[in-house]
Amino acid sequence: MNKQNPNKMQHFNEQLPLPFLKLDKDGTIILYSTLAMEHFDLSEDHIKHIVDNESYEKLLRYSSNDKAPVVRMELNMKSRTSPVTLYEVYLTWDNELHASMILLPKDQSNMQLIEKMMSLQKRLAETDFELYEQREELEQILSRLHELSGPFIPLTDKMCLIPLFGDVTEEKINVISHSCLQSVFAGEYEDVLIDFTAVGNVEDKGIEQFVRLLKTLHVMTGKIIKIIGIKPHTAKTLNKYALEGFMEFNQSLKQVLQTHFTK
Amino acid sequence: MYCPKELAGYFLEGNTVKAWKYINEQEKLTLLDTYHAMITPAMQHIGYLWETNEISVADEHLATVTCDYVVSRLAHARLASPEKNNRKAMFLCLEGEQHYIGLKMVNSLFEEMGWDTKYYGANLPVEYILKTAEAWQPAVVGLSVSIVYHLPKLKEYIEELSKLPNPPVVIVGGRLTEKYDLKPYCSENTIILKDLKEMREWLNYEQTKSKQDAAL
Ligand code: B12
């Protein structure tokens with residue numbers, strides 16, 4: 001028995017790496033480790049004296065769980081360093097209806113997080129929302145422009161046309177891919193025609209992205225994608241990607257439609 | 001229909017985009033009502049989730065920054081540069097107090113009414129506030145307190161502020177005002193305000209009174 005504690009609490013004389021407490025079913029502390037005594041003032045022998053008032057309900061409500069042999073919860077404890085200190089508590093019951101608790105201090109591990117949050121908050125205070133909103137608006141306009149640069153045109157139930165306008169950039173193909181794949185997915189198209197007649201500059205990244213789109217369209221339709229109006233230079237670049245079986249070049253939309261309707 | 005749980009969900013995901021979008025999809029309320037009826041209940045729900053062992057304090061941190069973003073952006077979006085009334089107020093949390101979201105709302109609402117404000121946020125030691133208050137001479141100082149153990153400090157702040165050559169009116173708010181009687185920690189002249197509605201009422205009353213005083 002410890003001299004300081006004239007109650008039935010006993011000191012558990014093992015070197016445990018974390019504070020440990022054992023309670024009886026009424027919440028009276030019957031056993032404590034050395035670290036538990038270092039962390040908490042145990043002059044009163046009931047657990048409620050070392051748990052923050054607004055955590056006590058939580059302890060009562062969640063301390064027993066039929067489904068889990070060990071329960072885990074965060075509680076604010078009255079520690080020797082501060083009247084509200086966060087701990088992660090692991091609790092389990094034995095046959096004699098005694099609860100063993102291991103208490104892991106959490107404030108330290110949250111410190112890093114808090115510092116990160118603080119710096120975010122500082123940045124927030126400096127954020128110029130006006131600029132921010134303008135940027136958002138611009139991004140929306142740009143995305144809309146991209147969408148318009150690759151409209152999706154259903155020609156018949158089975159045939160659709162995607163004419164590309166302007167430069168082929170990665171961002172543009174990204175936006176177009178999104179809307180095209182959705183439309184193709186929703187319909188039952190067999191022939192997908194992509195018209196390059198109105199295309200200007202072609203960026204490498206743009207073509208890479210385009211090849212991905214081609215392959216996806218091919219998988220979705222099971223058919224060869226028809227490319228129209230492509231300039232020799234762009235055709236050469238595309239040919240580097242070994243796309244036989246995925247796409248074919250056609251001269252013009254007129255030509256494709258003619259062969260289609262004379263079939 | 002607005003659902004605080006849904007907003008709380010976006011806060012917990014740290015999803016500023018969805019949180020902002022969700023608020024803007026709702027019926028457009030005043031800044032005060034958006035803070036009072038939408039954001040406050042969402043943060044309280046987060047408190048409930050912690051109490052029911054669903055989330056951890058680490059989750060609350062993420063939710064807090066996300067909420068902070070929304071609170072700040074709302075203030076920016078809804079504050080059409082108001083007519084200045086040439087009155088000054090400063091806002092702070094007591095030393096050690098980290099719960100500043102409510103105070104930030106109050107600061108924006110004062111700005112909306114044309115006040116010139118200084119917002120210090122969390123954890124401001126009393127020496128600092130005394131120095132600034134003496135130099136800047138605000139008409140109102142707003143204090144926020146959420147943790148019970150900080151109450152003794154409240155008394156100290158109020159006493160010290162009352163000793164200034166031009167003592168400001170001290171208003172006190174925060175979670176504890178709803179739960180406890182804070183009068184023992186205040187002076188006779190301290191104004192305790194339970195929520196944002198009470199705050200607006202008091203502010204309206206105070207502004208009429210100060211106009212009348214000026215007219216006399
Ligand atoms: C989110 C949150 C946090 C966030 C901080 C949020 C922030 N920056 O504001 C973080 C994660 C950082 C946090 C940390 C902690 N928290 Co905390 N937190 C909460 C939680 C869940 C919600 C608080 C909130 O944002 N409410 C929404 C705001 C808008 O409401 P409000 O503050 O009441 O303000 C309104 C009015 O009061 C008014 N108002 C506010 N200020 C003023 C000022 C004036 C002048 C006026 C007129 C009006 C006014 O305006 C608001 C408008 O609606 C509460 C639980 C709960 N139910 O409240 C716990 C809670 C407050 N936290 C608690 C604790 C213990 C802590 C920690 C100690 C936990 C820990 N060990 O890590 C730390 C330490 C904080 C510290 N030292 O101050 C306890 C307090 C218990 C107690 N005995 O007092 C609570 C009750 C949780 C609990 N059940 O145990 N917390």
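Two strands pair if DSSP finds at least two bridges between them. Helices (H or I, at least four residues) and strands (E, at least two) are DSSP runs, numbered from the N terminus. The model is predicted: local features need pLDDT of at least 70, side-chain atom pairs count only at pLDDT 80 or more, and totals for chains, interfaces and linings use all residues. Residues are numbered from 1 along each chain as its sequence is written, chains are lettered from A and ligands numbered from 1 in the order in which they are written, and side-chain values use heavy atoms, without hydrogens or water.

**Chain B**

The sheet in chain B is open and parallel. Its 5 strands run in the order β2-β1-β3-β4-β5. Strands β2 (116-119) and β5 (191-192) of chain B form the edges, each pairing on one side only. Within the sheet, A89(B) stands opposite V140(B) in β3(B).

Helix α6 (residues 126-136) of chain B lies across β1 and β2 of chain B. Its direction is about 175° to β1(B). Such angles run from 0 to 180 degrees between N-to-C directions, with axes fitted as lines to C-alpha atoms, for helices over the stretch in contact.

Elsewhere, A42(B) sits in helix α3 (residues 31-51) of chain B. A42(B) is buried, because its relative accessible area is 0%; buried means under 20%, exposed over 50%, and partly exposed in between (1.4 Å probe, protein chains only). Beyond neighbours within four places in sequence, A42(B) is in contact with Y2(B), P4(B), L7(B), A8(B) and F11(B). Contact means heavy atoms within 4.5 Å.

**Chain A**

Chain A has an open sheet of 6 strands with mixed pairing, in the order β1-β3-β2-β6-β5-β4. Its edges are β1 (10-12) and β4 (70-77) of chain A. Neighbouring strands are turned by 25° on average, direction ignored. T92(A) stands opposite S100(A) in β6(A). Helix α2 (residues 53-62) of chain A lies across β4 and β5 of chain A, at about 170° to β4(A).

I141(A) belongs to helix α4 (residues 129-148) of chain A. I141(A) counts as partly exposed because its relative accessibility is 47%.

| Strands | Sense | Bridges |
|---|---|---|
| β1 (residues 88-93) and β3 (residues 140-144) of chain B | parallel | 5 bridges |
| β5 (residues 85-93) and β6 (residues 99-105) of chain A | antiparallel | 7 bridges |
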